[in-house]
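Take a moment to look over the chain from end to end. The paragraphs below walk through it piece by piece.

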Amino acid sequence: MKKLLSVLLALTLVASVLCAPVFAADEIKITINDEAKTFDVMPVIIDGRTLVPMRGIFEALGAEVGWDDATKTVTGTTSKVTVKLQIGSKLAVVNKEAKALDVAAQIIEGRTMVPVRFIAESLGCKVDWDGNTKTVIIVDENAPKKSADGGAVVISADAFYEKFTVPNKDTATVTKDDATKTIRIEVSKLPEKDALARAYYKDLIDTALVPDGDTLLIKFDARLISGGIDGKGYLKLSFQSKEKTANKAIFSSVAFGSEWTTVYAPFVQKHGSNHEFGFRFAPCIQTVEIKNYELINYGTSKKVSDFTSSIVDNPNTTAPSTPAQPAEPADPAPTTPSQTVSDGSLPSGGTVVIGNEGIQKFSIKAEFGTGSVKDGLLTADITTKPEKDSNITFSITGNVKDKFTKGDVGIMVFKARLVSGGENGMGYIKPQIQMKASPYTKSLFARTKVGSEWTTCYLPFVAAEGAETVGMRLGGMVQKIEIKDFQLINYGTSVKLESLPSTILTE
């Protein structure tokens with residue numbers, strides 16, 4: 001009997017020794033950037049090291065997971081780091097450099113388990129242990145923080161302030177207040193090109209943080225100190241690739257007044273590659289201040305239309321250095337213009353100077369999209385927004401220099417609809433009637449409302465002397481838009497401007 005008891009006691013001691021290094025760790029918690037993580041197989045402790053499921057930890061830290069069954073090797077890959085571990089081996093490889101492990105990766109309950117501290121630190125994270133709560137605390141300082149409404153902060157206000165740079169310092173006086181983290185920009189002289197007066201975040205944005213199709217938001221506080229246009233300060237925001245094509249996801253102006261205002265500019269990311277984030281600051285002589293400048297990614301959880309937008313048309317300066325001209329020269333007036341005003345809501349007595357036969361031909365440079373005219377219907381499918389809206393201009397056939405006398409009241413009427421794209425459910429059409437050459441005097445130069453349903457657009461004007469070419473700028477947005485039933489009507493002095501309907505957007 002004593003011999004049997006001795007054998008049983010010995011077996012028990014051996015079993016306890018064998019099991020000593022391994023503990024079920026269902027009470028162990030793991031947090032990553034203050035967010036608790038759970039796995040289908042919870043952590044275990046082996047030889048004083050916490051092991052977790054390899055797929056769960058790699059994916060939680062933003063790494064892609066690979067598995068080679070022949071060699072029993074697991075791989076975790078980010079844009080900067082590749083980590084390889086082989087089952088049963090205490091040797092790992094990080095970016096082709098061998099690293100020793102205290103505990104080898106191993107398979108437990110059908111799951112490949114890997115040492116959490118080694119994985120996290122290899123991927124650039126900080127790891128701490130809270131013995132009181134039995135929590136592994138992982139902090140990924142490179143991971144985007146969350147905004148108050150759930151977006152991922154790709155560039156924080158602090159980071160932008162720290163890495164704010166102005167390449168051409170002679171274009172403006174820039175000062176920074178470290179106490180309030182406010183940036184003041186004083187523009188005392190307009191540069192030859194607004195591209196010379198720009199500021200940006202000096203690091204390129206990793207495309208992994210801003211996948212194509214995600215909804216992004218530029219958000220910051222701004223105010224006009226002096227100058228500006230009609231009491232407004234302006235900045236032109238940009239988020240563009242650094243490739244030769246310089247594809248832009250957003251290239252739009254925002255406006256703000258003399259009081260601190262939160263500016264919002266939502267847009268959809270496209271043309272994935274490393275991107276430059278910044279703005280141009282010299283559309284006019286002005287002194288402005290900005291702070292709390294952020295870039296936030298909402299993925300596909302939000303749409304552009306979910307946000308308030310501060311985006312406006314580009315401001316017009318009183319003396320542009322290189323005035324825009326129509327992309328195509330105006331053709332001679334059509335020989336058989338329509339003589340009947342087709343819109344019954346308009347006053348009688350008007351003369352149709354150009355009818356829909358003025359819509360004859362239209363094309364767009366391939367880099368921006370496609371354009372066509374068929375059976376009097378114009379279609380513009382703009383897939384890349386140009387730097388200037390005038391880079392996509394449709395010229396109406398017909399010279400109207402002798403069709404209007406200075407002071408005549410006229411109206412441009414047509415139907416349009418936004419098929420796709422646009423911003424906040426609205427398309428971009430800016431008609432113009434102007435002189436061919438300097439001083440480019442304009443009878444009409446205004447943007448009109450146009451939505452997704454066929455809309456009749458009314459643009460009344462008073463004729464200026466010498467204005468002769470008729471056209472429409474369409475390059476203000478990525479959009480597909482259709483236009484038909486065009487008429488340009490002269491009422492002479494028989495009606496007053498205010499008596500005519502108008503869909504002109506006021507800025």
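**A walk through the fold**

Start with a sheet of 4 strands: it is open, its order is E3-E2-E14-E13, and its pairing is mixed. Two strands sit at the edges, strand E3 (35–37) and strand E13 (126–130), and each of them pairs on one side only. From one strand to the next, the twist averages 25°. Inside this sheet, look at strand E2 (residues 29–32) and strand E14 (residues 135–139). They pair in the parallel sense, over 4 bridges. To find the spot, pick out Lys 29, which stands opposite Thr 135 in E14. What holds such strands together? Strands of a sheet pair through backbone hydrogen bonds, either parallel or antiparallel.

Now step back to the whole chain. This is a predicted model. The protein chain has 507 residues, and 46% of them count as buried. It has 4 helices and 37 strands. Its accessible surface comes to about 25300 Å², and carbon and sulfur atoms hold 50% of that. Consider the contacts with a separation of 6 or more. Residues 24 or more positions apart account for 70% of them.

Confidence is highest in strand E19 (residues 182–187), at a mean of 95, and lowest in helix H1 (residues 2–19), at 43. Over residues 1–25 the pLDDT stays under 50, and the model has 11 contacts for this stretch beyond four places in sequence. Residues 318–338 also have a pLDDT below 50.

Next comes another open sheet. It has 6 strands in the order E17-E20-E25-E22-E23-E27, and the pairing is antiparallel. Its edge strands are strand E17 (164–165) and strand E27 (311–312), each pairing on one side only. Follow the E27 end. Strand E23 (residues 248–256) pairs with E27 in the antiparallel sense over 2 bridges. At one of these places, Ser 253 has Val 312 in E27 as its bridge partner.

Stay with this sheet and find Lys 236. It lies in strand E22 (residues 233–241). Is Lys 236 buried or exposed? Its relative accessible area is 11%, under the 20% cut-off, so Lys 236 counts as buried. Its side chain makes a polar contact with the side chain of Asp 194, at 3.2 Å. Lys 236 also has neighbours from several parts of the sequence. Among the residues it touches are Phe 251, Ser 252, Ser 253, Gly 278, Asn 314 and Glu 387. Ser 253 is the residue whose bridge partner in E27 is Val 312.

Move to strand E12 (residues 111–115). This strand is mostly covered, with 4 of its 5 residues buried. Which strands pair with E12? One is strand E5 (residues 49–53), joined to E12 by 3 bridges and running antiparallel to it. Here Pro 53 stands opposite Met 113 in E12. Another is strand E11 (residues 106–108), which is also antiparallel to E12 and joined by 3 bridges. On this side, Gln 106 has Met 113 as its bridge partner in E12. So Met 113 is a handy landmark, facing Pro 53 and Gln 106. E11 and E12 form a hairpin with 2 residues between them. In its turn, Glu 109 has a positive phi of about 55°.

Two more residues deserve a look. Gly 355 lies in the loop between strand E28 (351–354) and strand E29 (369–374). What is its relative accessible area? The value is 0%, so Gly 355 counts as buried. Gly 355 and Val 341 are 14 residues apart in sequence, and their C-alpha atoms are 9.1 Å apart in space.

Finish at Gln 479, in strand E37 (residues 479–490). Its relative accessibility is 1%, so Gln 479 counts as buried. A polar atom of its side chain lies 3.0 Å from the backbone oxygen of Leu 474. Gln 479 touches other residues too, including Ala 380, Asp 381, Ile 382, Leu 418, Ser 420 and Tyr 428.

Definitions and conventions:
Residues numbered from 1 in each chain as written. Predicted model: local features only at pLDDT ≥ 70, side-chain atom pairs only at ≥ 80, totals over all residues. Heavy atoms only, no water. Buried < 20%, exposed > 50% of the residue type's maximum accessible area, 1.4 Å probe, protein only. Polar contact = N/O pair within 3.5 Å; in protein donor to acceptor, adjacent residues only side chain to side chain. Contact = heavy atoms within 4.5 Å. Areas by Shrake-Rupley, 256 points an atom, 1.4 Å probe, with all protein chains shown as cover. Axes fitted to C-alpha atoms, helices over the stretch in contact; angles between N-to-C directions. pLDDT = per-residue confidence, 0-100.
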